[in-house]
Amino acid sequence: GLARYGIGVLQQPTRPYTLQPPPTPERTMVAMAQFAVSAQKDVAFRDKVTTLVQKISPRDYTSELYAILNWVRLNVRYVRDPVQFERVQTPQVTLSQGSGDCDDLACLIAAMTTCIGHPSRFAAGAFANNPHPSHVWDETFDSVTKCWLVLDPVPGKRAAEMLGRVT
């Protein structure tokens, strides 16, 4: 089924990534939340985000969110994890490598949106014939529309189709 995990105040991570045998979706999302919170304190990371949204009209918060999503979609390549391991990396590592899997991209987007004041959470879902969650994405609250927006760069223009298959 669908699971959601909010980003709150969590302890500081000790490494720039975790590499472990396949954990539970909850443990993965806890690591993601820790990394996203930690990135908010990184001045260089915040500078990167504010530069991305610099030319957007003041208080056009919805456009900020879509600018971040589109930047990630165009500049960070989706790459699967190593076989039989779940690798979760910090947003800074995802930026420097220019690649990551769905949890890394969701963590990057969550860190980018939260460091400029937009609440985010992670959602995970399973696809048909698989009872265990196999995909995670970011949902960010849009203060203009008062809705949680799905910010998932993995499926590109096929996001609605892909997320429509989540059970």
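Student: Which residues lie nearest the centre of the largest pocket?

Tutor: Keep in mind that this is a predicted model. The lining of the largest pocket is made of 24 residues, and about 520 Å³ of space lies inside. Nearest the centre of that pocket you'll find Asp 81, Glu 86, Asp 103, Pro 133 and Ser 134.

Student: How do the lining residues of that pocket divide into nonpolar, polar and charged?

Tutor: Asp and Glu count as charged and Pro as nonpolar, and names like these turn up by the pocket's centre, including Asp 81, Glu 86 and Pro 133. Go through the whole lining of the largest pocket and you get 13 nonpolar, 6 polar and 5 charged residues.

Student: Which element gives the most to the lining of the largest pocket?

Tutor: Helix 1, helix 5 and strand 7 (135–142) each supply at least two lining residues. The top contributor gives 4 residues, and that's helix 1.

Student: At roughly what angle do helix 1 and helix 5 cross?

Tutor: Two packed helices are described by the angle between their axes and the distance between the axes. Helix 1 (residues 25–39) passes helix 5 (residues 102–114) in a right-handed crossing. Their axes come within 9 Å, and the angle is roughly 35°.

Student: Which residues of helix 5 does helix 1 meet?

Tutor: On the helix 1 side, look for Thr 28, Met 32, Phe 35, Ala 36 and Ala 39. By class, this contact has 8 nonpolar, 1 polar and 1 charged residues. The partners in helix 5 are Asp 103, Ala 106, Cys 107, Ala 110 and Ala 111.

Student: How many charged residues are there in the contact of helix 3 with helix 5?

Tutor: Helix 3 (residues 61–75) packs on helix 5 at about 145°, with the axes 10 Å apart. From helix 3, Leu 65, Ile 68, Leu 69, Trp 71 and Val 72 meet Leu 105, Leu 108, Ile 109, Met 112 and Thr 113 in helix 5. That contact has 9 nonpolar residues and 1 polar, while the charged count is none.

Technical notes. Residues are numbered from 1 along each chain as its sequence is written. This is a predicted model: local features need pLDDT of at least 70, side-chain atom pairs count only at pLDDT 80 or more; totals for chains, interfaces and linings use all residues. Side-chain values use heavy atoms; hydrogens and water are left out. Axes are lines fitted to C-alpha atoms, for helices over the stretch in contact, and angles run from 0 to 180 degrees between N-to-C directions. A crossing is left-handed if the near helix is turned anticlockwise from the far one by less than a right angle, and right-handed if clockwise. Contact means heavy atoms within 4.5 Å. On a 1 Å grid over the protein atoms alone, a cavity is a set of points where a 1.4 Å probe fits but cannot get out, and a pocket is an open set with protein on both sides within 12 Å along at least five of seven lines; lining residues have an atom within 4 Å of a point. Grid points are joined across faces, edges and corners, and a volume is the space filled by probe spheres set on the points.
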